[in-house]
Amino acid sequence: MNDEHKIIQQVYAAKEDLQAADRLIGAYMPFIKAETAKFLKRPPIEGQDDELSIAMIAFHEAIRGYSRMRGAFLKYAAMLMRSRMIDYRRKEQRHSGALSLDMPSGEEELSLGDSLTDGKNHTEELTAREATRAEIEELARQMEEFGVKLSDVADNCPRQRRTMETCRKALEYAKENSDILDEFLRTKRLPLARMSEGGGADRKTLERHRKYMVALLLIYTNGYEIIRGHLKQVMKGVAGQ
């Protein structure tokens, strides 16, 4: 706990001080290299692997964008670094794929693009699936700290539009008030009374869907960018119905 508090103090000091940020990045280079190695599945080589530079930039981005409501800083930084390295790899794969599609693939000099049957970039899809799986596994692990499982969320999800709207109001109010999120992360309990009163939502409804609310608040207070993007599309569909 003291170590985490010390890191948070250093992060806040480095937000507006470039030299302090550089010192913090230097101090955590072993951590940055370790996260890059997880992604590459081998130790990164300085001056050769662009992913290491991407991870360093993402670590600095994490410093600038961090707030206590996001939970532990290093977990947030690790997720952001992985996300940025995935983005970089996707761009590289799209670029290399575009070049290779025009190369002859046989004696009839058909291009590789002509020989593909479905036109999909399977390598990119695999990378996206792996990234999504990693986010889900991390979310499931964090949810267990709050006494919630993924299966609980599926069973606890609101079924009616009115109920969904009630939960949405309470969640929006919590997201806009950092002290509520801080309390939630610190105590690992939903401040239902405050969310009900501030969001104009029925408390009994919120209590019935507590596990669902816990999962969504965790998603919105941490770096689950893929899951969050999917939820936005789902919510747009609900709003349009």
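**View 1. Tyr66 and its ring partners.** At 2% relative accessibility, Tyr66 falls under the 20% limit and therefore counts as buried. In this predicted model, the rings of Tyr66 and Phe73 have centres 5.3 Å apart and planes at 85°, so the two form an edge-to-face pair. Phe73 is likewise classed as buried, with a relative accessibility of 1%. Seven aromatic pairs are found in a search of the whole structure, and one of them joins Tyr12 to Tyr66 in an edge-to-face arrangement, with 6.3 Å from centre to centre and 75° between the planes. Because Tyr12 belongs to helix α1 (residues 2-14) whereas Tyr66 sits in the loop between α4 (50-65) and α5 (73-100), this pair ties together parts that lie 54 residues apart in sequence.

**View 2. Tyr12 and the aromatic cluster.** Through ring pairs, Tyr12 is linked into a cluster with Tyr28, Phe31, Phe59, Tyr66, Phe73 and Tyr76.

**View 3. Helix α3.** The 12 residues of helix α3 (residues 29-40) reach 16 Å from the first C-alpha to the last, close to the 16 Å expected at 1.5 Å a residue. Its buried residues are Met29, Phe31, Ile32, Glu35, Thr36, Phe39 and Leu40. An α-helix has 3.6 residues a turn, so residues three or four places apart point the same way. After α3 comes Lys41, which has a positive phi, near 65°.

**View 4. The largest nonpolar core.** This core holds 31 residues, and those with the most contacts inside it are Phe184, Leu190, Met195, Leu206, Met213, Leu217 and Leu218. Two or more residues each are given to it by α7 (122-145), α9 (161-175), α10 (178-187), α11 (192-199), α13 (210-221) and α14 (225-240), with α13 giving the most, eight residues. When neighbours within four places in sequence are left aside, Met195 is in contact with Ala170, Leu171, Tyr173, Ala174, Ile180, Leu190, Gly200, Leu206, Met213 and Leu217. Another core, of 30 residues, lies apart from the largest one and includes Met29, Phe73, Met85 and Ala131.

**View 5. Lys188 and Phe146.** Lys188 is placed over the face of Phe146, at 5.6 Å from the ring centre. For orientation within the whole protein, the secondary structure amounts to 14 helices and zero strands, and buried residues make up 38% of the 241 residues.

Definitions and conventions:
Residues are numbered from 1 along each chain as its sequence is written. This is a predicted model: local features need pLDDT of at least 70, side-chain atom pairs count only at pLDDT 80 or more; totals for chains, interfaces and linings use all residues. Side-chain values use heavy atoms; hydrogens and water are left out. Helices (H or I, at least four residues) and strands (E, at least two) are DSSP runs, numbered from the N terminus. The expected span of a helix is 1.5 Å times one less than its number of residues. Buried means under 20% relative accessible area, exposed over 50%, partly exposed in between (1.4 Å probe, protein chains only). A nonpolar core is a set of buried Ala, Val, Leu, Ile, Met, Phe, Trp, Tyr and Cys residues joined through side-chain atoms within 4.5 Å. Contact means heavy atoms within 4.5 Å. Rings of Phe, Tyr and Trp (its six-membered ring) pair if their centres lie within 6.5 Å; planes under 30 degrees apart count as stacked, over 60 as edge-to-face and the rest as tilted. A charge sits over a ring if NZ of Lys or CZ of Arg is within 6 Å of the ring centre and within 35 degrees of the ring normal.
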